[in-house]
Amino acid sequence: MGQPVTVVVPCRNEADALPVVLAAIPPEYSVIVVDNGSTDATAEVATAWGARVVHEPQPGYGAAVLAGIATVTTPLTAVIDGDGSLDPKELAQLIAAVEAGADLAVGRRRSRLSEAGVWPWHARLGSSVAAWRLRRKHGVDVHDIAPMRVARTDRLQGLNVQDRRFGFPIELLVRAGAANWRISEHDISYRRRAGGVSKVSGSVRGSFVATVDFLRMLR
Ligand SMILES: Nc1nc2c(ncn2[C@@H]2O[C@H](COP(=O)(O)OP(=O)(O)OP(=O)(O)O)[C@@H](O)[C@H]2O)c(=O)[nH]1
Ligand SMILES: [Mg+2]
């Protein structure tokens, strides 16, 4: 049995998708669902599934993730989306990497492991450009923007990431690189969200807004 893990699941109106996510989280992990100003039954669904619920009124992916991370007390923290597009079972390889000595283990979405049509060109472009800048300018050897991640909780809490929106994953990688963290990247699958409505990659506009957030962090 490895070290205790808490999975933080940021959610804004994910009541339809959340059961699929929570059902796939291995029972030995603790779960915190961060309800980020949802107007649907996200919090009720989370409670019914036995997850702890943290409420974060300030909108933004970063605000939600930070609120969750701040309350974790296990040695390891994992972060995964609440929309069902990522598979919680694949956290195991990231957790193993951190237990083996990595400071941060991150996922890398791959076309060959993705459901057809789920990863449109505009979303892929934004992530690729951000990852390229991370490698070139910041010396962080990643090929995606760390859509899921596992790290030691105390280190993660001490990283002092400021961005509250979609710059959060990028800023986290920049800061981890600057602190000389050992980062390991692992291929993961990518699926259609399990329910609910896309807020980002479902439109060119959504991808554009997220990409602007990414690039603000990489100037
Ligand atoms: N977009 C967005 N997502 C949030 C927010 N707060 C929490 N989240 C959650 O963060 C996770 C990741 O969101 P994204 O996958 O980037 O957004 P999405 O709406 O699923 O968009 P697509 O995956 O591109 O369809 C999801 O579980 C969201 O519910 C927020 O303020 N905005
Ligand atoms: Mg999503």
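## Ligand 1 and its polar contacts

D81 has a polar side-chain atom 3.4 Å from an oxygen atom of ligand 1. That makes a polar contact, meaning a pair of N or O atoms within 3.5 Å; within protein, one must be able to donate a hydrogen and the other to accept it, and residues adjacent in sequence count only if both atoms are side-chain atoms. Keep in mind that this is a predicted model, where local features need pLDDT of at least 70 and side-chain atom pairs count only at pLDDT 80 or more, while totals for chains, interfaces and linings use all residues. Residues are numbered from 1 along each chain as its sequence is written, chains are lettered from A and ligands numbered from 1 in the order in which they are written, and side-chain values use heavy atoms, with hydrogens and water left out.

Two further side chains reach oxygen atoms of the ligand. For S201, a polar side-chain atom sits 2.5 Å from an oxygen of ligand 1, and for E14 a side-chain N or O atom is 2.6 Å from a ligand oxygen. On its own, ligand 1 has 590 Å² of accessible area, and the protein covers 90% of that (Shrake-Rupley method, 1.4 Å probe).

## The shell around it

In all, 18 residues surround ligand 1, with E14, N36, R193, S198 and S201 the closest (near means a heavy atom within 4 Å). By class, the shell holds 7 nonpolar, 5 polar and 6 charged residues; here Gly counts as polar, and Asp, Glu, Lys and Arg as charged.

## The pocket

Ligand 1 takes up the space of the largest pocket (more than half of its atoms lie within 2 Å of the grid points). A pocket here is an open set of points on a 1 Å grid over the protein atoms alone, where a 1.4 Å probe fits, with protein on both sides within 12 Å along at least five of seven lines; lining residues have an atom within 4 Å of a point. The volume of the largest pocket is about 1100 Å³, taken as the space filled by probe spheres set on the points.

Its lining runs to 44 residues, and D81, F166, K199, V200 and S201 lie nearest the centre. The top contributor is α8, with 8 residues (helices are DSSP runs of H or I, at least four residues; strands are E, at least two).

## R193 and its loop

R193 belongs to the loop between β7 (183–190) and α8. Its side chain has a polar atom 2.9 Å from the backbone oxygen of G195, and the R193 side chain also reaches the backbone oxygen of V197, at 3.4 Å.
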